[in-house]
Amino acid sequence: MKTLALVLLFFLATNDFRIMEYNGSEVRTTFDVDTKFYGIYKGRKSGYLELKQDGTGVYHYDVFGFAPASCKKQPIQIEWGFLIDENDKVVQFSREYGMSYPILFKSTGETKFQGCQKEVLLDFIMEYKSGQLGVSSSDDWTKN
């Protein structure tokens, strides 16, 4: 029994899988993806998304909107993961503009998403036919 537990632990540690909870359900994700996804996505304003290879990063809103005064208006430290299917493949959808990859961002600090109301945000990384990458939740965040 100990051997089985060690093998399972080794398998989980070497495949960069992460279970995240979203809308009351456990979702399998991975940050072991093509290196093209790692880096900083930014636009015209000060906001940006940074995806680090270790599955952490930063989500920094351009505008906080109607967040309560108790919500610290600072970059959101995150853990992230692309959704994976039952065959351990990254979920992707073909769209008119190219491909869409669902991704979960989980806040690991005091500042949360949507006015400090949500700990986990579902978003999409968009890969345009040109090869450029963008972030669905922002009008102009792209990776250079």
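**Entry 1: a charge over a ring.** I looked up Arg28 and found its charged end over the ring of Phe17, 5.0 Å from the ring centre. I count a charge as sitting over a ring if NZ of Lys or CZ of Arg is within 6 Å of the ring centre and within 35 degrees of the ring normal.

**Entry 2: the model.** I note that this is a predicted model, in which local features need pLDDT of at least 70, side-chain atom pairs count only at pLDDT 80 or more, and totals for chains, interfaces and linings use all residues. Residues are numbered from 1 along each chain as its sequence is written, and side-chain values use heavy atoms, with hydrogens and water left out. The pLDDT, the predictor's confidence in each residue from 0 to 100, averages 89 over the chain, and 90% of the residues score at least 70. Over residues 4-14 the pLDDT is below 50, and I find two contacts for this stretch beyond near neighbours in sequence; a contact means heavy atoms within 4.5 Å.

**Entry 3: nonpolar cores.** I searched for nonpolar cores, that is, sets of buried Ala, Val, Leu, Ile, Met, Phe, Trp, Tyr and Cys residues joined through side-chain atoms within 4.5 Å. Buried means under 20% relative accessible area, exposed over 50%, and partly exposed in between, with a 1.4 Å probe and protein chains only. The largest core has 25 residues, and Leu49, Tyr59, Trp80, Phe105 and Ile125 have the most contacts inside it. Strands S4 (48-51), S6 (76-83), S8 (98-107), S9 (120-128) and S10 (133-135) each supply at least two of its residues. S6 gives the largest share, four residues. I took strands (E, at least two residues) and helices (H or I, at least four) as DSSP runs, numbered from the N terminus. A second, separate core of six residues includes Val27, Val91, Leu104 and Val120. I then listed the contacts of Ile125 beyond four places in sequence; among them are Phe37, Leu49, Phe82, Tyr101 and Leu133.

**Entry 4: strand S5 and its partners.** Four of the five residues of S5 (residues 56-60) are buried. S4 and S5 pair in the antiparallel sense over four bridges; strands pair if DSSP finds at least two bridges between them. Val58 is the bridge partner of Glu50. The two strands, S4 and S5, form a hairpin with four residues between them, and Gly55 in the turn has a positive phi of about 85 degrees. S5 also pairs with S6 in the antiparallel sense over four bridges, where Tyr59 has Ile76 as its bridge partner.

**Entry 5: aromatic pairs.** My search of the whole structure gave eleven aromatic pairs. Rings of Phe, Tyr and Trp (its six-membered ring) pair if their centres lie within 6.5 Å; planes under 30 degrees apart count as stacked, over 60 as edge-to-face and the rest as tilted. Tyr59 and Phe105 form a tilted pair, 5.6 Å centre to centre with 55 degrees between the planes. This pair links distant parts of the chain, S5 and S8, 46 residues apart. Both Tyr59 and Phe105 are buried. Trp80 and Phe82 are edge-to-face, at 5.7 Å and 90 degrees. Trp80 counts as buried because its relative accessibility is 0%, and Phe82 is buried at a relative accessible area of 0%. One aromatic cluster comprises Phe31, Phe37, Tyr38, Trp80, Phe82 and Tyr101.

**Entry 6: Thr142.** I located Thr142 in strand S11 (residues 142-143). Is Thr142 buried or exposed? Thr142 is buried because its relative accessible area is 19%. Its contacts beyond four places in sequence are Ile40, Tyr41, Lys42, Gln132, Leu133 and Gly134.
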